[in-house]
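Colleague: I have a model open and would like to learn how to read it. Could you take me through it feature by feature?

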Amino acid sequence: METGTTGGTGRPEWVGLPGGLLRLRRLLLVIWAVPLAVGTALLLGLTAGPGWAAAGAVWLVALVWGWVVLGRNWRSWRYAERADDLLISRGVLWRAQTVVPYGRMQLVEVTSGPLERRFGLASVQLHTAAAATDAKIPGLVPAEAQRLRDRLTELGEARSAGL
C-alpha cells in the first residue's frame with residue numbers, strides 16, 4: 001500500500017499554506033501598527049511639540065517591514081505527506097524541517113480560534129510520544145485540515161499496529 005504524495009522523481013510534493021493565513025496576520029499587523037502610529041503622533045505632538053509628531057512614522061516603517069517579513073514567513077511554511085512520515089518545513093533565516101513518523105503519532109487535533117474561524121482557517125496539531133517533536137501546521141482550510149487529520153490518524157493507526 002503506497003501512500004503519501006511524491007512526484008515522478010521520488011521526491012515529496014510540498015504543499016504551501018493558503019493565503020488566508022497571510023491576510024489574517026497582515027490585518028493584525030495593521031490593526032496594531034496604525035493606532036500606535038496615530039497615538040504616538042498625537043501624544044508627542046501635543047506634549048513635546050508638532051515636530052515630535054513625526055516620531056509616529058516609526059510605527060509605519062515597522063508596518064512596512066512587518067508586511068514584508070510576514071510574506072516571507074508565510075511562503076516558508078510547507079508540508080509533504082510521504083509513505084512513512086509527514087514533513088513540515090518552515091523558517092526564513094533559521095530553517096527548520098520536522099519529520100513526524102506516522103507510527104509515532106499519538107494524537108492529531110484540528111483547532112481553530114475565533115479569528116481563524118472568521119477567516120475560514122484551522123490548524124493541525126500533531127502530538128507524539130516525545131514532546132520535542134510535536135508539530136503544527138497553521139492556516140489550513142478547515143476541509144483540508146480535517147482531511148489531513150483523518151489521513152494522519154488512519155496512517156498512524158496502521159503503522160503503530162505493527163509495533
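This is a predicted model: local features need pLDDT of at least 70, side-chain atom pairs count only at pLDDT 80 or more; totals for chains, interfaces and linings use all residues.

Colleague: How do the axes of helix H1 and helix H2 cross?

Modeller: Helices are DSSP runs (H or I, at least four residues), as are strands (E, at least two), numbered from the N terminus. An axis is a line fitted to C-alpha atoms, for helices over the stretch in contact, and angles run from 0 to 180 degrees between N-to-C directions. Here H1 (residues 20–47) and H2 (residues 57–76) have axes that come within 9 Å and cross at roughly 170°. That makes H1 roughly antiparallel to H2 (angles over 145 degrees count as roughly antiparallel, under 35 as roughly parallel, 65 to 115 as roughly perpendicular and the rest as oblique).

Colleague: Which residues of H1 and H2 meet?

Modeller: Contact means heavy atoms within 4.5 Å. On the H1 side, the residues include Leu-22, Arg-25, Leu-29 and Ala-33, and on the H2 side they include Leu-63, Trp-67, Leu-70 and Trp-74. The residues of this contact of H1 with H2 divide into 13 nonpolar, four polar and two charged.

Colleague: Which residues does UniProt list as "transmembrane region"?

Modeller: The unreviewed UniProt entry lists residues 27–46 and 52–70; such positions are in the numbering used here, feature names are shortened, and annotations may be inferred rather than shown by experiment. In the model, residues 27–46 are 100% helix and 0% strand, with end C-alpha atoms 29 Å apart. Residues 52–70 are 74% helix and 0% strand, and their end C-alpha atoms lie 29 Å apart.

Colleague: Is Ser-123 buried or exposed?

Modeller: Buried means under 20% relative accessible area, exposed over 50%, partly exposed in between (1.4 Å probe, protein chains only). Ser-123 sits in strand E6 (residues 122–128) and has a relative accessible area of 1%, so it is buried. Its side chain makes a polar contact of 3.0 Å with that of Glu-116 (a pair of N or O atoms within 3.5 Å; within protein, one must be able to donate a hydrogen and the other to accept it, and residues adjacent in sequence count only if both atoms are side-chain atoms).

Colleague: What about Pro-138: buried or exposed?

Modeller: Pro-138, in strand E7 (residues 135–140), counts as buried because its relative accessibility is 8%. Leaving aside neighbours within four places, the contacts of Pro-138 include Ser-123, Leu-21 and Arg-25.

Colleague: Where is Leu-44?

Modeller: Leu-44 is in helix H1, and at 25% relative accessible area Leu-44 is partly exposed. Beyond four places in sequence, Leu-44 is in contact with Gly-49, Trp-52, Ala-53 and Ala-55.

Notes. Residues are numbered from 1 along each chain as its sequence is written. Side-chain values use heavy atoms; hydrogens and water are left out. Ala, Val, Leu, Ile, Met, Phe, Trp, Tyr, Cys and Pro count as nonpolar, Asp, Glu, Lys and Arg as charged, and the others, Gly among them, as polar.
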